[in-house]
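Here is a short briefing on one predicted protein model. Look over the sequence and the coordinates before reading on.

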Amino acid sequence: GPQLQNLEIVAQIKPDAFRPAAIRGRYVYAIGSGNPYGISPLLAIYDISDPQNIRKVGELKVSGQVHSEQLVLVGNYAYVVALEEFSGGGYTINIRIVDVSDPTRPREVGQYAPTGKNAHTVIVGGNYAYVGVSDGGSNTLHVLNISNPANPQFVREVTNVPDMEGDGGTIAGNRLYLVHGQNGVSIWDIS
């Protein structure tokens, strides 16, 4: 079979404390790790078409201490799980929805913030987003209709779901696979 001929670094991005999250075409979409002193980058977009001249072409900044935890890129939208800390203590974890149709001007167009709960993970397929939600004691799965990403609509809640904090999952065909850390993987029929 074919053998690997080369394995060498041809370029490196110095991403200002970002974590790469997705690559599409000539762009890397990176999620921010937060800034305790004011403005935090929620998302940055780099053009990697020329490895010798990697450059940031777009960035979405938000005020406050925001840590991006997960990013799912679907069509013209990025769904970002973002933890926001408050100066007086406490935090919330919500889904922030960003229009990335113009990589030079990403803009937040919507959010999903379940009242009194935190959204820990998001999996997107078709017109639906599946959001792992917890309130500290119980874990649920929220199903959202995202046919209009700027205004996600709650469809239903499934209770007694094993913990999904940031573990994610995927969709293949009419199956939803949720990763539950030490509790394994669950497979759901979503037809």
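Which residue forms a salt bridge with R175? The partner is D189, and the closest N and O atoms of the two are 3.9 Å apart. The model is predicted: local features need pLDDT of at least 70, side-chain atom pairs count only at pLDDT 80 or more, and totals for chains, interfaces and linings use all residues. Residues are numbered from 1 along each chain as its sequence is written, and side-chain values use heavy atoms, with hydrogens and water left out.

**Salt bridges**

- A salt bridge here is a side-chain nitrogen of Lys or Arg within 4 Å of a carboxyl oxygen of Asp or Glu. The count by this rule is nine.
- R175 sits in strand 14 and D189 in strand 15, so-called distant parts of the chain, 14 residues apart. Strands are DSSP runs of E with at least two residues, numbered from the N terminus.
- R175 is partly exposed at 32% relative accessibility. D189 is exposed at 53%. The classes are buried (under 20% relative accessible area), exposed (over 50%) and partly exposed in between, with a 1.4 Å probe and protein chains only.
- D47 forms a salt bridge with R26, with the closest N and O atoms 2.6 Å apart. D47 belongs to strand 3 (residues 39-47), while R26 lies in the loop between strand 1 (18-24) and strand 2 (27-32); the two are 21 residues apart.
- D47 is buried, at 3% relative accessibility. R26 is partly exposed, with a relative accessible area of 42%.
- R26 and D47 also belong to a network of salt bridges that includes R55.
- E84 pairs with R96 in a salt bridge whose closest N and O atoms are 3.9 Å apart. E84 is in strand 6 (residues 77-85) and R96 in strand 7 (residues 91-99), so the bridge ties together parts 12 residues apart in sequence.
- E84 is partly exposed, with a relative accessible area of 22%. R96 counts as buried at 9%.

- Three strands make an open sheet in the order 13-14-15, with antiparallel pairing. Two strands pair if DSSP finds at least two bridges between them.
- Strand 13 (169-172) and strand 15 (185-189) are the edges; each has a single partner strand, so one side of each lacks a neighbour in the sheet.
- Neighbouring strands of this sheet are turned by 15 degrees against each other on average, direction ignored. Axes are lines fitted to C-alpha atoms, and angles run from 0 to 180 degrees between N-to-C directions.
- Four bridges join strand 13 to strand 14 (residues 175-179) in the antiparallel sense. T170 has Y177 in strand 14 as its bridge partner.

**Largest pocket**

- The largest pocket holds about 190 Å³ of space. A pocket is an open set of points on a 1 Å grid where a 1.4 Å probe fits, with protein on both sides within 12 Å along at least five of seven lines; lining residues have an atom within 4 Å of a point. The volume is the space filled by probe spheres set on the points.
- Its lining includes Y128, L141, V155, L176, W188 and D189.
- Strand 10 (128-134), strand 11 (139-145), strand 12 (153-158) and strand 15 each supply at least two lining residues. Strand 12 gives the most, with three.
- The lining divides into nine nonpolar residues, no polar and two charged. Asp, Glu, Lys and Arg count as charged; Ala, Val, Leu, Ile, Met, Phe, Trp, Tyr, Cys and Pro as nonpolar; the others, Gly among them, as polar.
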